[in-house]
Amino acid sequence: MSVMNLMRMKQPPHLHLCRRKFVSLLRQHQSRRSAMQQLHSHLITTGAYMDVASSWNPLLRHYSHGIFPQEAFFLFTHLRLYQNSFDSFSFSYLLKACANLQHLQAGLLLHALTLKLGFEFHVYVHTGLLNVYAACGALTEAKQVFDEMSVRNSVTWNVLISGLVKWGELDLARSLFDEMPMPTVVSWTTIIDGYTRMNRPKQALALFRSMFIDEGIKPTEITLLAIFPTISNLGALEICQLVHTYGEKSGLKALDIRIRNSLLDTYAKCGCIESASRVFGEIAAKIRNLVSWTSIISAFAMHGMAKEALANFERMKKERVKPNRITFLSVLNACSHGGLVEEGLEFFRKMVNEYEISPDVKHYGCLIDMLGRAGRLDEAEKMALEIPNEVVNVVIWRTLLGACSFHGNVEMGARVIRKILEMERKYGGDYVLLSNIFAGVGRYSDVERVRRLMDERNASKVAGLSFV
């Protein structure tokens with residue numbers, strides 16, 4: 001039964017639906033867009049409760065959180081023709097819509113209106129304003145609103161910290177975090193995630209240790225998802241095991257498949273394929289998803305266990321899980337590192353013909369690497385030449401050049417280097433690799449020629465790096 005039919009049944013003939021019942025219907029159906037639009041239409045048609053903000057707030061809330069937040073502004077503009085009795089909830093919802101739209105001009109207008117109507121000391125309204133400015137990247141205005149607030153809550157602090165992190169001002173965000181009276185788990189997670197995204201894994205891990213071990217603050221699922229890439233980056237197996245133990249004891253692992261998939265991937269990248277395989281085996285078959293299967297295939301691939309990777313691909317197919325381009329990339333990696341050339345070529349053909357997935361540069365790169373490792377350089381060169389121009393890049397040819405160097409194929413190496421120099425001339429590593437090919441077959445005059453050419457073109461070579 002539609003909401004409008006329900007309304008006709010509940011109200012006496014020729015009378016508007018009583019306000020209490022109407023608000024109840026708004027709250028009951030606020031997650032259903034069609035129902036809310038029917039109720040909106042009823043209000044517009046009858047003109048009911050135009051002067052009562054609380055009657056409209058559920059609609060403002062629905063629109064501000066929905067996929068068309070601009071509808072909240074259309075409703076607000078219409079309401080202002082009839083009344084000015086908007087409350088703090090009205091403005092909080094409007095500001096939420098403004099932040100979702102990243103509409104700075106609307107935010108400035110709402111800021112002026114809230115001051116005019118006496119909301120300058122309202123913590124929720126000003127936190128909403130702060131969120132608008134932060135979402136739009138107006139960090140100076142956001143900080144000004146924050147500084148002018150006489151009362152702040154944890155949400156206020158977190159909104160500004162999140163805004164600073166979002167726009168790359170991580171050090172400022174950390175300074176603000178250090179000033180926060182009582183950081184919440186959201187605050188800690190935001191800074192940890194910022195360090196992770198800015199490729200500062202040591203700071204992320206140090207902060208996670210401080211939160212979890214020193215401060216005794218329990219991480220949430222979001223915290224763990226933020227720290228997993230850092231653990232992988234550093235190969236911090238001990239921390240991975242600590243997080244795993246915590247997840248089991250707290251029940252987090254049972255709640256979110258993302259935690260399990262991330263844990264599996266992190267164990268693999270920390271070098272513990274046994275634990276990765278065990279985590280995968282503990283995931284119930286009914287909740288395993290494509291990410292789960294792709295992660296275990298990738299895990300075996302990176303550990304050189306090609307047969308195990310392919311066996312899990314076949315298991316995945318039996319479970320009627322359809323692979324995507326990332327799954328096939330993991331399979332091709334497995335074939336490359338496992339020397340399974342024919343199998344890799346067959347999987348590539350299946351990807352293109354059966355699953356109709358267009359290969360990208362990474363798929364082609366895997367094939368070139370696979371053929372190069374196996375010494376099938378002619379096939380590798382032929383494939384590189386057949387890659388569409390919109391896909392091929394210099395990395396493809398550098399992969400082939402590496403194979404030429406490994407197998408001492410001077411003639412092909414010279415052809416490949418010409419292709420590379422058509423695309424890029426300033427990378428010294430290309431010249432060094434070609435000179436090594438010449439040196440390997442005793443052509444030292446050519447080695448000197450390549451070295452001089454490198455100097456003439458001011459080609460730079462990245463300095464070596466060692467973790468020893």
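What follows is a working chat about a predicted protein model.

Biologist: Moving to the core, how many residues does the largest nonpolar core have, and which have the most contacts inside it?

Modeller: The largest nonpolar core has 102 residues, and F208, I231 and L400 are the ones with the most contacts inside it. Helix α25, residues 394-407, gives the largest share of this core, with seven residues. Apart from that core lies another one of 25 residues, and L60, L79, L94 and A97 are among them.

Biologist: What is L400 in contact with, leaving aside its neighbours within four places in sequence?

Modeller: On that basis, L400 is in contact with I368, L377, A380, E381, M412 and V416.

Biologist: And T223, where does that lie, and is it buried or exposed?

Modeller: T223 lies in helix α14, which covers residues 221-234, and T223 is buried, with a relative accessible area of 0%. Once its neighbours within four places in sequence are left aside, T223 is in contact with V185, T189, I192, F208 and M211. F208, in turn, is one of the residues with the most contacts inside the largest nonpolar core.

Biologist: Switching to helix α8, what span should it have, and how far apart are its end C-alpha atoms?

Modeller: Helix α8 has 13 residues, 123-135, and at 1.5 Å a residue it should span 18 Å; its end C-alpha atoms are 18 Å apart, which agrees.

Biologist: How many of its residues are buried, and what do they pack against?

Modeller: Of the 13 residues of α8, 11 are buried, so the helix is largely enclosed by the rest of the structure. Just after α8, G137 takes a positive phi of about 80°.

Biologist: What about α17, how does its span come out?

Modeller: Helix α17, residues 257-269, also has 13 residues and should span 18 Å at 1.5 Å a residue, while its end C-alpha atoms are 19 Å apart, which agrees. Its buried residues are I259, R260, N261, L263, L264, D265, T266, Y267 and A268. Just after α17, G271 takes a positive phi of about 90°.

Biologist: Which residues other than glycine have a positive phi, and where are they?

Modeller: R320 is one of them, with phi near 60°, and its place is in the loop between α20 (306-318) and α21 (325-338). E356 is another, with a positive phi of about 55°, and its place is in the loop between α22 (341-353) and α23 (361-373). As background, most residues other than glycine have a negative phi.

Biologist: Are those two buried or exposed?

Modeller: R320 is exposed, with a relative accessible area of 80%, and E356 counts as exposed at 67% relative accessibility.

Biologist: And G339, where is that found?

Modeller: G339 is found in the loop between α21 and α22, where it counts as exposed at 53% relative accessibility. Its C-alpha atom is separated by 6.7 Å from that of A374, although G339 and A374 are 35 residues apart along the chain.

Biologist: Last topic, how many disulfides does a search of the whole structure find?

Modeller: The search finds zero disulfides.

Note on methods:
Residues numbered from 1 in each chain as written. Predicted model: local features only at pLDDT ≥ 70, side-chain atom pairs only at ≥ 80, totals over all residues. Heavy atoms only, no water. Disulfide = S-S within 2.5 Å. Helix = DSSP H or I, 4+ residues; strand = E, 2+ residues; numbered from the N terminus. Buried < 20%, exposed > 50% of the residue type's maximum accessible area, 1.4 Å probe, protein only. Expected span 1.5 Å × (residues − 1). Core = buried A, V, L, I, M, F, W, Y, C linked by side-chain atoms within 4.5 Å. Contact = heavy atoms within 4.5 Å.
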